[in-house]
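I kept them in the order in which I went through the topics.

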Amino acid sequence: MASDEVYRTRYSSSRYQRHQTPLNASALHWQRQQYGQEMDELLRRRLLASPAYVDRLEQETLLAGHEGCVNCLEWSSDGLLLASGSDDYRVMIWDPFRKRCVHVIPTKHLGNMFSVKFLPKHNNNIVATCAADKFIYVYDINHSNETLFACNCHMMRAKRLATAQDSPYIFWSAGEDGYVLQLDMREAHRCRPEEGGGVRLLCLSNHMETATEAKCLAINPRRTEYLAVGANDPFARVFDRRKLPTNDGTALDACVAYYAPGQIVKNISRKIVHDSRAVTYLTYNGNGTELLVNMGCEHVYRYDLNGAEPPVFYEPPSYTATAVQEEEAEEQEKTATHKNRSLPASIEVHKKEGNEFLENGKLVAAIDAYSAALAKYPKGEVLYLNRATALMRRGWFGDIYAALRDCHEALRLDPSYVKAHFRLARALLELHRPQDADKCLQALIQRFPSFANNHGVLMLDKDIKENRWQTQNAEPPEPEAVVSMDDFRYMRLTDAEFDLRSSARDYMQRYVGHCNITTDIKEASYLGSQGEFIAAGSDDGNFYIWEGDTGKIRAVYRADSAIVNCVQPHPSICMLATSGIDHDIKIWSPCAASPGERPNLVADVSRYVEDNQQKMRTDPFELNTRNAYCFNN
């Protein structure tokens, strides 16, 4: 049977046939004649995250059977089966299309299960698990009473597993002891936790404080020598397994790249300070060119692995005037802020909409309007500046730095944009970089002397001087001390670790609105082969879907009575599986009769988003009892 016939046999059903996107039949026939099955594959990829399908997502079925929180989900590579792991120590294998459980594995775990994986190229028969009891097990689902492999080389909770499609017998684990293990089922294994049993691939604690925990990991699907690791800090690390560092930390920079938002990199210090932010989940896109990171106590970030650069805080744009311009400089200065910045008519509509939202204090809507306009017209410097204004007024985590990025982009498009110079200086001051803010403001005055006595400029200059005086006269904080066996010392980063953190590469897009403060297993996933949409769970019992290019929230769905931790898209069709504190799994597909008939769709998104940002500012020790219990899994 041809591959397209197999696909239609497996996944065709009335719900998909009823709501297919209208296609130009003549064009499709010609393209299929030209490209054959390749065109069918392109069509499937397009429909995987078609906006028409995403806008009709609704709960199709509920898979019940677990007796505890469902902490992990995993689709088989062909999408026929779904595996789930729970606090009841069981793995259940589901056929979501027939809406039934087909296998139950009563594992030997004695702690909450955190990860379950199908090992590739075993006909969906072999699964690996890890849990809070430090153990890792491998089972044949057809003979679930016996373990094929067991390992307890982790000294603390084992949190995540990862597999590679080209390695049917090798898999990797991340543990809160700071170790990443590489396990090969073909090799005889004797567990020696104190020595690592010869399977320790990487130790994060060699390069950082001893309390470093490995929270999650992922293998690049196209280049499996690259391993991404998330820890209990805000930095995502991508290691080259071919060049791993020695135990003393030498040659660390040759095998790893760090990624973190610029607002985190700006305050890097050699002294180790406790940070509640941690990477709870990370995953590659299908091409292995991007990394998606869900950060606890923060937002979801998307990194371009090939084009990412360290953040730029102040880099004055080149601005040279011609002879004619020099003669008319005085006139230019008078009109600089009133320069005609015309936009295409269709873009002007978005701008006016955003301006209206901004004037009425609807900052989230204003930012969405400007982002939608920039996705269509990225040359609108006024759009960047207006969005920067809205971001600075909103003031959520990372907003000031995002505004700074927008100011840089506006100045790149138009170095004579005085308002962008001024807003950039203000953003630098808000980011506690008064020296850079002063340089930026002085550059503005030098380039546009007529603004030297502008009231806003004078007030900003006063604020900068006051901030610099306070900074110079402030007493340096005492570093946290740690007692070692032989002496009393301060906790500090190694030189190699400090250099890597200082040069961490910046994000390409961020996704805000959800809340990730209560559990440390919350996921974020690509929805669509090209990252057309991003999905993530939240502490408010919802899961969120964002537009990949704009960062705008597309939809929010009620999916759990308390917390949604797992959001796993199907590998081949528009379908999602979600789970959390409830003891069931929910399957979502484009089965709604129309976009307006989605009973689980959250209507008042802004209220949830505002509440979530407030929660992230709450002292973590003030969490209620139930959330504190969930935090400890």
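Predicted model: local features only at pLDDT ≥ 70, side-chain atom pairs only at ≥ 80, totals over all residues.

**Entry 1, strand β7.** I began with the side chains of β7, where Ile 126, Ala 128 and Cys 130 point one way and Val 127, Thr 129 and Ala 131 the other way, and I noted that all are buried. In my notes, buried means under 20% relative accessible area, exposed means over 50%, and partly exposed is in between, with a 1.4 Å probe and protein chains only. Because six of the six residues of β7 (residues 126-131) are buried, I wrote the strand down as largely enclosed by the rest of the structure. Strands here are DSSP runs of E with at least two residues, helices are runs of H or I with at least four, and both are numbered from the N terminus.

Residues are numbered from 1 along each chain as its sequence is written, and side-chain values use heavy atoms, with hydrogens and water left out.

**Entry 2, the sheet around β7.** Which strands make up this sheet, and in what order? I found an open sheet of four strands in the order β6-β7-β8-β9, with antiparallel pairing, where two strands pair if DSSP finds at least two bridges between them. The edge strands, each pairing on one side only, are β6 (113-118) and β9 (143-151). From one strand to the next the twist averages 25 degrees, taken between lines fitted to C-alpha atoms, with angles that run from 0 to 180 degrees between N-to-C directions.

I then went through the pairs. Strands β6 and β7 run antiparallel and are joined by five bridges, and in β7 the bridge partner of Val 116 is Thr 129. Five bridges also link β7 and β8 in the antiparallel sense, with Cys 130 opposite Ile 136 in β8. The hairpin of β7 and β8 has four residues between the strands, and there Lys 134 takes a positive phi near 80 degrees. Strand β8 (residues 136-140) is joined to the antiparallel β9 by five bridges, and Tyr 137 stands opposite Ala 150 in β9.

How many disulfides does the structure hold? I found zero, a disulfide being a pair of cysteine sulfur atoms within 2.5 Å. Cys 191 is in no disulfide, and its nearest cysteine sulfur, that of Cys 153, is 4.1 Å away. Cys 191 is partly exposed, with a relative accessible area of 26%.

Helix α14 (residues 434-447) has 14 residues and reaches 20 Å from its first C-alpha to its last, close to the 20 Å expected at 1.5 Å a residue; the expected span is 1.5 Å times one less than the number of residues. Its buried residues include Pro 434, Asp 436, Cys 440 and Leu 444. What covers the buried residues of α14 includes α13 (418-430) and α15 (455-473), contact being heavy atoms within 4.5 Å.

Ala 257 lies in strand β17 (residues 256-259) and is buried, with a relative accessible area of 13%. Leaving aside neighbours within four places in sequence, Ala 257 is in contact with Ala 236, Arg 237, Val 238 and Arg 505. Met 575 sits in the loop between β28 (564-569) and β29 (576-580), and at 1% relative accessibility Met 575 counts as buried. The C-alpha atoms of Met 575 and Leu 57 are separated by 8.1 Å, although the two are 518 residues apart along the chain.
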